[in-house]
Amino acid sequence: MKRSVLIVGGGPAGLLLASHFREHGIDYRVLERGKIAQAWRAMRPGMVLLSPAVPGTDWTSLTLRHPIWALPKVRRPFPTREDFLCYVEAFAREQGLNVAENTAVTRVSADPGGFAVSTTDGEESCRFLVLASGASTAPAFPDVPGIARNPHVVHSCDFIHCAAYAGKRVLIVGGGNSAAEIAIELAGTATVTMCTRGPVRYFSETGDLEHIRGSSESVLKELFRFGIVRMREDDPVVSVAHRRVRFRSGDEHEYDWILCATGYRPKCIPLEGGDLRTDPGGYPAISAVGETTVPGLYACGSLARFNRRCAFIHGFRNYVEKVFWDIADRL
Ligand SMILES: Cc1cc2nc3c(=O)[nH]c(=O)nc-3n(C[C@H](O)[C@H](O)[C@H](O)COP(=O)(O)OP(=O)(O)OC[C@H]3O[C@@H](n4cnc5c(N)ncnc54)[C@H](O)[C@@H]3O)c2cc1C
């Protein structure tokens, strides 16, 4: 059976797009490699969102018709990862969205009039295919000799609890929110050093959500002030040999763990029969309505960089509607 639309990814963007198709009676299916909002399940337990979620200042809800603050018990301005997961699950369940969980898309082939899609659960086909597979599919590591396949190097996505690092010397590589939050959590349990490749930037000074935000900012500054967390600002790692780290300044130190809080990058699904152009960061080149360089193949959500704000829900939610209307008009 050839569907009108297949959506790769059951994260916030894929589900929001699915809700538009459902509402307009268009035949669609979401293919999700894990459970609904799998990317959020993999995040640190207890993590607090960057985006506020209160009536009037709501950056976290997928639509204002289904706001997160309408969920019972979500009554704090910054919800946790768990609040958000409950919200996304309720969003999908209450609307009865057609989501195939545990169904990873492994290969796509652009055929005349549509796409053949191979999944871990069999073959599917569709007229329009939407990639909503997210910008955080693969952890990104610094491109530094000695990092790859080093057993002492871990990524922030694998950080579960500070207890695993008790009494250890930990170097946190990175100067963003994840680096700051993990440094605060480890302080007092491990001997923590943070290192950044440039100056440390704070949200209160720049207003940029990617910079260290308010609630972490003050605690981190105090930890620096009292020397509880050491900071090597603008002194990036240039090479690693086993546990030994060399910094740009020429200093060398040993650490038990090198924890890279260096973000994520999108991962492309293998595509045959089309020329999918991407930028150096791995984001597909898209038109003003989200169509990629392969006709009929769209990107949406955090994978569709209409602008930098699309890394966040409040930045991409209106663009999801553009993708929807373009496809709906062509059906
Ligand atoms: C640590 C961290 C904190 C963040 N905090 C915030 C915040 O506070 N506020 C905010 O707005 N944003 C935040 N973000 C950004 C957040 O990830 C996005 O806003 C949002 O999750 C993007 O939604 P999405 O649906 O585009 O992608 P994702 O949430 O990444 O969803 C993509 C889905 O696609 C699935 N998938 C991937 N590949 C395949 C495949 N081959 N086959 C099938 N399924 C596949 C994945 O399993 C996943 O479920 C944060 C990101 C990180 C990493």
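Let's start at Ala 37, which lies in the loop between strand E2 (28-31) and helix H2 (38-41). Helices (H or I, at least four residues) and strands (E, at least two) are DSSP runs, numbered from the N terminus. Ala 37 is not a glycine, yet has a positive phi of about 55°. Most residues other than glycine have a negative phi. Ala 37 is also buried, at 1% relative accessible area. The cut-offs: buried is under 20% relative accessible area, exposed is over 50%, partly exposed is in between, with a 1.4 Å probe and protein chains only.

A word on the source. This is a predicted model: local features need pLDDT of at least 70, side-chain atom pairs count only at pLDDT 80 or more, and totals for chains, interfaces and linings use all residues. Residues are numbered from 1 along each chain as its sequence is written, and side-chain values use heavy atoms, with hydrogens and water left out.

Back to phi. Arg 149 is another residue other than glycine with a positive value, near 60°. Arg 149 sits in the loop between strand E9 (138-139) and strand E10 (153-155). Buried or exposed? Arg 149 is exposed, at 83% relative accessibility.

Now the ligand. Which residues are closest? Of the 32 residues that surround the ligand, the closest are Glu 32, Arg 33, Leu 50, Ser 51 and Ser 302. Near here means a heavy atom within 4 Å. Next, polar contacts, that is, pairs of N or O atoms within 3.5 Å. Trp 40 places a polar side-chain atom 2.8 Å from a ligand oxygen atom. Ser 302 also has a polar side-chain atom 2.8 Å from an oxygen atom of the ligand. Ala 311 uses its backbone: an N or O atom there lies 3.3 Å from an oxygen atom of the ligand.

On to salt bridges. The rule is a side-chain nitrogen of Lys or Arg within 4 Å of a carboxyl oxygen of Asp or Glu. How many salt bridges does that give? The count is 26. Take Asp 251 and Arg 232, with their closest N and O atoms 2.5 Å apart. This pair links distant parts of the chain, 19 residues apart: Asp 251 is in the loop between strand E15 (244-247) and strand E16 (252-254), and Arg 232 is in strand E13 (residues 229-232). Asp 251 is partly exposed at 35%, whereas Arg 232 is buried at 8%.

Arg 243 and Asp 256 also form a salt bridge, at 3.1 Å, N to O. They are 13 residues apart, with Arg 243 in the loop between strand E14 (237-241) and E15, and Asp 256 in the loop between E16 and strand E17 (257-260). Arg 243 is partly exposed at 28%; Asp 256 is buried at 13%.

Helix H7 holds another pair. Asp 326 and Arg 330 meet at 4.0 Å, N to O. They lie four residues apart, about one turn of the helix. Arg 330 is partly exposed, at 37%. There is also a network of salt bridges, linking Arg 3, Asp 27, Arg 29 and Glu 124.

Methods:
Polar contact = N/O pair within 3.5 Å; in protein donor to acceptor, adjacent residues only side chain to side chain.
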